[in-house]
There are 6 protein chains.
Amino acid sequence: MKDLEEFNDFRGRMNERILNSGNLNLKRFWALDSRAYEPGALDERTLELLGLATSMVLRCDDCVTYHVIRCVQLGVTDDELYEALNVALVVGGSITIPHLRRAFETIDECRRLQVEDPGLKSLL
Amino acid sequence: MKDLEEFNDFRGRMNERILNSGNLNLKRFWALDSRAYEPGALDERTLELLGLATSMVLRCDDCVTYHVIRCVQLGVTDDELYEALNVALVVGGSITIPHLRRAFETIDECRRLQVEDPGLKSLL
Amino acid sequence: MKDLEEFNDFRGRMNERILNSGNLNLKRFWALDSRAYEPGALDERTLELLGLATSMVLRCDDCVTYHVIRCVQLGVTDDELYEALNVALVVGGSITIPHLRRAFETIDECRRLQVEDPGLKSLL
Amino acid sequence: MKDLEEFNDFRGRMNERILNSGNLNLKRFWALDSRAYEPGALDERTLELLGLATSMVLRCDDCVTYHVIRCVQLGVTDDELYEALNVALVVGGSITIPHLRRAFETIDECRRLQVEDPGLKSLL
Amino acid sequence: MKDLEEFNDFRGRMNERILNSGNLNLKRFWALDSRAYEPGALDERTLELLGLATSMVLRCDDCVTYHVIRCVQLGVTDDELYEALNVALVVGGSITIPHLRRAFETIDECRRLQVEDPGLKSLL
Amino acid sequence: MKDLEEFNDFRGRMNERILNSGNLNLKRFWALDSRAYEPGALDERTLELLGLATSMVLRCDDCVTYHVIRCVQLGVTDDELYEALNVALVVGGSITIPHLRRAFETIDECRRLQVEDPGLKSLL
């Protein structure tokens, strides 16, 4: 469980550092990034699954961790996560497998954390 | 409209060529690729949107064309397509913009084809 | 010379199509993309060279074409372009060579166009 | 058959253009690129298959075309090519499939050319 | 030596976790992945070298570690490994250098392990 | 500060290991890599910023760390670094954000080290 907290702390601290850097364009990108996952024609769960699958084929562990947490917070089930990850595996190939292993580890950590904190409110 | 037909013909002809090459593993991959988009815990529309967004961030025009056609066949609306493409744009960056332009062109071609063939049955 | 005009026309037409799609987030990304190349602590030439080199290692022909045109408009010399492209070649490897060939072709087309239109005002 | 000739001509013409650009580092990279495929501990066929598979997972059509031609010139059989391409497909995923289709088309064009020119001496 | 054991343990444990997830398509991909490296027209050593070089250009440390171990188990020599890695370096560029450093570290660890366990039977 | 020293030590030790491997082509690549950043038509600062931005869009943490250190050694300011990183963020998308966080951490570590060692002479 320590790893998700560490990820969460580093992410929060460095986001603040970047947003306070005085570079307005970086700040605007952060805003645009948040808006991309706000519900519109597609609901939040679908948007987060898109974030998860694109992060997986681009093989970014931190991005995968973020979207797994968000999916779990939104009530996405294990089977739904597995199917989204399977699309990413087929599209992106065996090169994604090490990231898939870590994604499963993150899913399992989230499920353990949910015993005490069902909404994963302590994260993100 | 010519372009989508040409894409469709080449795709069909070369798939047949590869599946008849005598290499069984290539054939098995094709089967696994099809299965990834069969409805299970996630419905077909969500799976195809995942295929579309992952193809866009990996910047494969033919893959984007394929999944746009499939999405249109499944009744995905323009606004839903735009939001999925926007997630891909934010995740994958401006380097995806030339592919986004071609994706919009494909969407428009599909909508024109739908006047005569609402289910796009002539394709794929 | 026909190719650069075709690129220019398609780019202009599809940008307009996307900006008029009604999806506000796509529009915001376009604005952020423009702002990234506005002079600040770094001058416009350096920013465009960064655009060129990043486009080359990510192997996007249309993006390379765009930044070559912008560099030429800003007075970047052939030798400066070659050195920026060489950094991209060393960083990105021989897989960038086909894109390098097309970049050199675009540079040569720009130089020919400059005989009649030194500022390449007919483009972008 | 026209396509391979066109590829061959453009490649030759632009290589000459780049090597005569006066940028010595670009020239050195070209030399290093050639040396990588010279037989040493590994034979030329194995080295070219490595060039082919890496080009396929990085999804560079021109690079794939080049290494298919070289493999055919070195007597690599269809079944050997298919197995190397299958490794690339599994490693790189379905996103490589459009490039695989074009690779099979190139293999077939090479085999047709070989009827008149068994060593494909007219190419590269 | 600890690192390779840790890699080996995590890999084994998470593979089991994924194969027992109940998602049949993930399981099928694992089978297809294994089959790609079974000898056919190409021998096992060539197939593993293809796995190594493609993993290197796609810059996946865990995949590189896996294929280095497999190559060493199959009797591939240092000079053969270096030449395959050099093709990957030239194709993939200097961006692969940090992964190359770690690959050399893994080769050296394998050679040290071989003093006690020549076939590296304790791994994979 | 420990991290940069560790990076520096590992980098130095493994470079030496590779350059002494007996493979001449690897050695030649190292030479070509150094030459790409030697001043010519472009000055060293611009070349290093190109190295930084290309490393960021290709998402290689070690390469980013290297070029941040080099930029700081050459007197590049924070605002110049932020603008170069912003181009990379826009070109490469949100998938670069975790690497951006680590780049900011490296910038901050360099600035702290500069209090005692303004030219960062202890590194690289």
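This is a predicted model: local features need pLDDT of at least 70, side-chain atom pairs count only at pLDDT 80 or more; totals for chains, interfaces and linings use all residues.

**Entry 1**

I started with E:Phe104, which is buried at a relative accessible area of 0%. Buried here means under 20% relative accessible area, exposed means over 50%, and partly exposed is in between, using a 1.4 Å probe and protein chains only. For my own bookkeeping, residues are numbered from 1 along each chain as its sequence is written, chains are lettered from A and ligands numbered from 1 in the order in which they are written, and side-chain values use heavy atoms, with hydrogens and water left out.

Next I checked E:Tyr82, which also counts as buried, at 4% relative accessibility. E:Tyr82 and E:Phe104 form a stacked aromatic pair, 4.9 Å centre to centre with 20° between the planes. The rule is that rings of Phe, Tyr and Trp (its six-membered ring) pair if their centres lie within 6.5 Å; planes under 30 degrees apart are stacked, over 60 edge-to-face, and the rest tilted. The pair links distant parts of the chain, with E:Tyr82 in helix H5 (residues 78-92) and E:Phe104 in helix H6 (residues 97-114) of chain E, 22 residues apart. Helices (H or I, at least four residues) are DSSP runs numbered from the N terminus, and so are strands (E, at least two).

**Entry 2: a ring pair between chains**

How many aromatic pairs are there over all chains? My search of the whole structure gave nine. One of them is A:Phe29 with C:Phe29, an edge-to-face pair at 6.2 Å centre to centre and 75° between the planes. A:Phe29 lies in helix H2 (residues 24-35) of chain A and C:Phe29 in helix H2 (residues 24-35) of chain C, so this pair joins two chains. I found A:Phe29 buried at 0% relative accessible area, and C:Phe29 buried at 1%.

**Entry 3: an arginine without a partner**

I looked up A:Arg101, which sits in helix H6 (residues 97-114) of chain A. A:Arg101 is buried yet has no salt bridge, and the nearest side chain of opposite charge, E:Asp62, is 5.0 Å away. A salt bridge needs a side-chain nitrogen of Lys or Arg within 4 Å of a carboxyl oxygen of Asp or Glu. For charge, Lys and Arg count as positive and Asp and Glu as negative; His and the chain ends are not counted.

What does A:Arg101 touch? Not counting residues up to four places away in sequence, I noted E:Phe10, E:Arg11, E:Met14, E:Asn15 and E:Ile18. Contact means heavy atoms within 4.5 Å.

**Entry 4: chain C against chain B**

This contact takes 20 residues from chain C and 17 residues from chain B. The two chains bury about 1,700 Å² between them, 65% of it on carbon and sulfur atoms. Buried area is the accessible area (1.4 Å probe) that two parts lose on being put together, summed over both. C:Arg17, C:Leu26 and C:Phe29 supply 29% of the area that chain C buries against chain B, more than any other three residues.

I counted two salt bridges between chain C and chain B. B:Asp108 forms a salt bridge with C:Arg17, with the closest N and O atoms 2.7 Å apart. Helix H1 (2-19), H2 and helix H4 (61-73) of chain C each supply at least two residues of the side that touches chain B. H1(C) gives the most to that side, with seven residues.

**Entry 5: chain B against chain A**

Here 25 residues of chain B are in contact with 25 residues of chain A. Chain B and chain A bury about 2,300 Å² between them, 78% of it on carbon and sulfur atoms. For salt bridges across this interface, I got zero.

**Entry 6: a buried loop residue**

I ended on F:Thr96, in the loop between helix H5 (78-92) and helix H6 (97-114) of chain F. F:Thr96 counts as buried at 1% relative accessibility. The C-alpha atoms of F:Thr96 and F:Met56 are separated by 6.8 Å, though the two are 40 residues apart along the chain.
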